[in-house]
Amino acid sequence: MDFFYGGRRGGGLIPTTTATAKVKPLRKSSGSSSRRRGRIRDLLSPTSSFFTIGLSVSLLFFVAIVFLYGVPNPLSSSHSKHRIARRPTPRRPLPSGGAAFDSGSGAGRSVGDMISAVAVVDITTKDLYDRIEFSDVDGGAWKQGWEVTYVGNEWDDEKLKVFVVPHSHNDPGWKLTVEEYYNRQSRYILDTIVESLSKDSRRKFIWEEMSYLERWWREASSHRKESFINLVNNGQLEIVGGGWVMNDEANSHYFAIIEQITEGNMWLNETIGVVPKNSWSIDPFGYSATMPYLLRRMGFRNMLIQRTHYELKKELALHKNLEYIWRQSWDMEETTDIFVHMMPFYSYDIPHTCGPEPAICCQFDFARMHGFSYEACPWKFDPVETNPYNVQDRAMKLLDQYRKKSTLYRTNTLLIPLGDDFRYVSMDEAEVQFRNYQALFDYINSNSSLNAEVKFGTLEDYFNTLREEAEQTNFSRPGEVGSAELGGFPSLSGDFFTYADRNQDYWSGYYVSRPFFKAFDRVLEQTLRASEILSALVLGYCQKLQCAKLPISFSHKLTAARRNLALFQHHDGVTGTAKDHVVADYGTRMHTSLQDLQIFMSRAVEVILSGFHDKADPTLLSHFEPEQSRSKYDVQPLHKVLDMNEGKTHSVILFNPLEQTRDEVVMVYVSQPDVSIWHSNGSCVRSQVSPNWKHDTEEDSFMYHCLYWQASVPAMGLETYYVGRGSAHCEKAVPAELRVYSDAPFSCPSPYVCSKIETDKVHIHNLLYTLTFDVKRGLLQKISHKDGKETYVGEEIGLYSSVGSGAYLFKPNGEAKPIVEEGGQFIISEGQLVKESFSVPKTMWKNTPISHSTRIYSGENIVQELLVEKDYHVELLGHEFNDRELIVRFKTDIDNKRIFYSDLNGFQMSRRQTYDKIPLQGNYYPMPSVAFIQDPSGHRFSVHSKQSLGAASLKDGWLEIMLDRRLVYDDGRGLGQGVMDNRPMNVLFHILTESNVSALPSNHMLLTLQPSVLSHQVGAHLNYPMHAFISNNKPRKKPFKLYQSSFSPLSSSLPCDLHIVNFKVPQPLKFAQVDPLASRFIILLQRRGWDSSFCRRGGLQCSTVVDEPVNLFYMFKDLTAFNVKATSLNLLHDDTEMLGYNEQLGDVAQEGNVLMPPMEVQAYKLDLQPQT
């Protein structure tokens, strides 16, 4: 057979051929760095002569200084409640290049070192990519490897210990919805596990997805529940991962990843009383470096992964590096280390897990025998029942595969997964697998000359035995850096994108598939976070008052929202790789939760502004409603239009979910342009009114108007503004002035003044930027800074044409072709706050697939003034766009050498490089929230996105981002359909141009660079927008009056490199019953790592942690915090040393001081009580 055999998402079978792969030797350079590190450590060792001489010189120098200048007096300073006095001690000596903890920073090494601080490791994924030729050599029976052999004496001293791990991969939605899968398969699989394992204590099993287990638990009999718990407690059944789902790692934001794991782990601990130790992630399409970090900070010790590029697997297997210690690229102290097992072969199904020859392994998938519904082995050699006559031959054939597979790893402990998608669905299937394998095990184990012990096991069995062996035998290679976490294995940093499962089939399409729902995912995420914060604030201030009833009564819907967001993080959810009706199910669930959260937030706002003392039932409040809402799951949000005809005054309440005071130009829609704005304190606010532009120029766009003003809202607080007509003391909103180019008749809307654009180029500007546009194409050409620096942008909109692309794969036919022609409509709108260009470009199609706006803002101390906003409205609808993929490309003059940087999960950056030896689609990478390019002199061009997309830098100076894709055909990875359910949508970018203000390290083009402080703020404002609520002016029995018009819960804004990831009460329903000493509140903090080569504050009016260390006791205004203690990110471990947290200064519970190095996320339990 000369083709890949069908099957599940590339989990199909690879046939046997005869060619043998050429083995390429490992470069020597990977060992040299560790040797250099070793030399430095030797020099600094207290036993070295160098150390002794240096110490003597230092003492003499010290004595001389004291003799000349006397003993110095202590520095006088005012004692701050925030200030941290003692100097922390690093857990381990830092290698060369690392900066020791700096007491001035209050939180670990100086952020200024972040750009040059690189973890010392044995392997980086960049080195792997540089080294591998990507030649796709046919390896024979193991098509993507080589002919594996062994001598036979490898196990004379230590027998081979094999753990066969039965499993069943249950997707919470893919071809069927989660409920359909549960009713048809998953419920029976869980029944089978309990019944089958209960029959024989030698049988083992692992289970991953809590979404299905929780669903089953609701219906299971008490007897089945008891049996399940017993199986877990006696070690036969292990819960691995224990997240709500097995999350995607390319598109999911780290907030949502933490949420989904926490939701599953907490349910599991509360229900069954266990906490997972090992992660099992066999099906995500590539792996992010963020996951090992989060898992380590959740108390996980080991993890298993599968879908990495087949060439990387081969390279690692050649040198027995498939098991390694994964370390974060910035981690100089090895506090993020976690042990990883990478599966070596094509898939996680049985033909690709027992050994390198799938034609043989398939013969041991006994559920493929006649009488079962699974497809037969494609190699024509089917499994047969094991009996006394064939057991020797069968056992030796299986053991041969085990031995060959073990040669790819360092130890004599071997893992053999035994399962596939939705397996073990019946007792018959379970029995045929367990019965036959046990017979084979018994034969092997009874023959001591085979030097092998084979049995069923769990991940915990495997990792414990491996760790015991590694403690007894040193498996380290000469010069290997390794890790103190577990000796004998190499250390590795980097991520595993972009995944390819065979040939040139790169899975970069799913970075963009179903972008409408990728955007919806972030909307639900930011709304959930805002709701959690409001719920926690209401409970903190209300405690046992009537108003506490609101979040407590909402508890069930809050849990549902957490779980619906968690469900969509599944690797067929946010990826856009499910059947149409499954996508609709995900969307409906998210839409329901979004509506519930918005209703709750509206009522919470009213509770807060009523001063918490309103005795009315808070669940019946209805004075406010969200400014925008969605009528269905698959439509764009609709903005409420303030009806100004009746002459009524409308209240607009703004909630700022960020931890710094926010000055920002905001917008609402109004029915009439002659309106005024005033603050809750009565002061007038200048405002601007502009037309509302729409994609369809034939539609009446001017039914209502955009009203802009600059608002200032406290950190995590509320502020009220009023919109009205006929105000005698406040100036009316000033209409924008319009300039128009159009190749069709254009009617100037009232009350605006229009003029005609006569030139080929046109400019708009604010105090910082001047933007230059190509009028006839409506595209942004250049950004000029006030200091004279210019960035040529060269905006281009294009389409890829493809035949092989599908939901997973991106397989273009050549490069993208530009689609914008001269003509169309281009409008400039200029006001005192917002200047905007709006373009409906001319294309070869009557219905153009895109229109777009470019905006710049003016205001006092606003982040918006420092950026350029791009808003693309995309409608890739209709058969003329079949098998097309829409991109925007910025063809800048930045000499980036085809290197760019994109984020991983909104948490960290990763360096990306375009390789000629890899096809175009393999040079596309995930862009969950930001990407930037930079030249050697430090000129940087960043694009922040409000949703996950895919990006590339295919030529020098280019940054390309894919916006949408419409694909007719299935790409052969099991989905069985294309992607044709495109929706009209908007993609919002914030563009930032920056130049360095201090010297860059000479090797900066080789490093993973960090965003600037300003860039972090831009991203935060984009991804956590302000939430607006408006008074609905419904008739009431009694007039409504606010007790207060603003609300400021924080004592002050937090430093701008400190982010509150979440602030919540995990279990509101139990809030009133739980003793406050149990720490009912949770706060998750992130200290961002930033590039100090760029402007330290970026023009922002905020400090950094270096200036303002954080004390949790004094964070909240009018609330007393106590019983503060660090916990894991899944809230289930309090052993901070085990979690890898840095050593704290003093007792956090007594002093409240929090020490956080850059790049860290830490969780704290605490309780809050109103101050009396």
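## Exercises on helix packing, sheets and a disulfide

The crossing of α14 and α16 is left-handed (the near helix is turned anticlockwise from the far one by less than a right angle; clockwise would be right-handed). Before we go on, a word on the model: it is predicted, with local features needing pLDDT of at least 70 and side-chain atom pairs counting only at pLDDT 80 or more, while totals for chains, interfaces and linings use all residues. Residues are numbered from 1 along each chain as its sequence is written, and side-chain values use heavy atoms, with hydrogens and water left out.

**Exercise 1.** Describe how α14 and α16 pack, and what their contact is made of.

*Solution.* Start with the elements: α14 covers residues 515-542 and α16 covers 555-568 (helices are DSSP runs of H or I with at least four residues, strands runs of E with at least two, numbered from the N terminus). Next, the geometry: the angle is about 150 degrees and the axes lie 10 Å apart (axes are lines fitted to C-alpha atoms, for helices over the stretch in contact, with angles from 0 to 180 degrees between N-to-C directions). The two helices are therefore roughly antiparallel (over 145 degrees; under 35 is roughly parallel, 65 to 115 roughly perpendicular and the rest oblique). Now the contact (heavy atoms within 4.5 Å): α14 brings Phe517, Asp521, Leu524, Glu525, Leu528 and Glu532, and α16 brings Leu558, Ala561, Arg562, Leu565 and Phe568.

**Exercise 2.** Work out the strand order of the four-stranded open sheet and find its edges.

*Solution.* The order is β28-β29-β30-β31, paired antiparallel (two strands pair if DSSP finds at least two bridges between them). At the edges stand β28 (761-765) and β31 (790-792), each with a single partner strand, so one side of each has no neighbour in the sheet. Zoom in on β30 (residues 779-785): three bridges pair this strand with β31. Here Lys782 stands opposite Tyr792 of β31.

**Exercise 3.** Characterise the link of Cys354 and Cys361.

*Solution.* The sulfur atoms are 2.0 Å apart, and the pair forms a disulfide (cysteine sulfur atoms within 2.5 Å). By this rule the count is five disulfides. Finally, the angle about the S-S bond is -85 degrees, and the link of Cys354 and Cys361 is left-handed.
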